[in-house]
Amino acid sequence: MAFSAADVKNLREMTGVGMMDCKKALTAADGDIDKAVEWLREKGLAAAQKKAGRIAAEGMAYAVDIDGIGVIIEVNAESDFVAKNDLFVEYVKGKTVLEEQNDKVLVIGENIKVRRFARYDTGLSVPYVHMGGRIAVLVNLETESTDAAVIELGKDIAMQIAALNPTYMDKS
């Protein structure tokens, strides 16, 4: 089955993958868009495995409270150029992890690793992100209060943690 330049453009818009890879996918799938998407997904898995050994030391941290659940995450890429890319930033800010990671490795072209994360289901979580994601802090307070003064206190504590990087003796 033949395909047109519009089909290549449509596949690119759907997947975010480069034009040449979209053309290869459509060729391999005989012009079938659904099969081409699957072909690209399989290629993404292969690319992710191939790049898995490469060092991913640059990245960004992000903290957020969504419906009372506080989450903080650090995701690394191979270069600071990619760590500042809008596609990478959107990935960090909340997609499903493994499947999206493999898709993004194909699109971005670098190894990407979730380095660490934490999640808090109780209390009040106050996020703070500094320097465009170079530093993120999530302060979890043992309170159910959503009073503005309590949130402001949490933000002030988070800002101090980001600025001073304090050590601690134990969890308490």
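The following questions and answers look at a few helices and loops in this predicted model.

Colleague: How many Å apart are the end C-alpha atoms of helix H7, and what span should its 17 residues have?

Modeller: Helix H7 runs over residues 148-164, and at 1.5 Å a residue its 17 residues should span 24 Å. The distance between its end C-alpha atoms agrees with that expectation, because these atoms are also apart by 24 Å.

Colleague: Which strands do the buried residues of H7 pack against?

Modeller: Within H7, the residues Gly 154, Ala 158 and Ala 162 are buried. They cover an arc of only 75° around the axis, which puts them on the same side of H7. The face turned away from this buried side carries the exposed residues Ala 149, Ala 163 and Leu 164. The packing partners of the buried residues of H7 are strand E4 (124-130) and strand E5 (135-141).

Colleague: Is Asp 21 buried or exposed, and what is its relative accessible area?

Modeller: Asp 21 lies in helix H2, which covers residues 19-28, and, leaving aside its neighbours within four places in sequence, it is in contact with Trp 39, Leu 40 and Lys 43. Since buried means under 20% relative accessible area, Asp 21 counts as buried, with a value of 19%.

Colleague: Where is Met 131, and what is its relative accessibility?

Modeller: Met 131 is placed in the loop between E4 and E5, and its phi is positive, near 55°, although the residue is other than glycine. Because exposed means over 50% relative accessible area, Met 131 counts as exposed, at a relative accessibility of 54%.

Key: Residues numbered from 1 in each chain as written. Predicted model: local features only at pLDDT ≥ 70, side-chain atom pairs only at ≥ 80, totals over all residues. Heavy atoms only, no water. Helix = DSSP H or I, 4+ residues; strand = E, 2+ residues; numbered from the N terminus. Expected span 1.5 Å × (residues − 1). Buried < 20%, exposed > 50% of the residue type's maximum accessible area, 1.4 Å probe, protein only. Arc of directions from axis to C-beta. Contact = heavy atoms within 4.5 Å.
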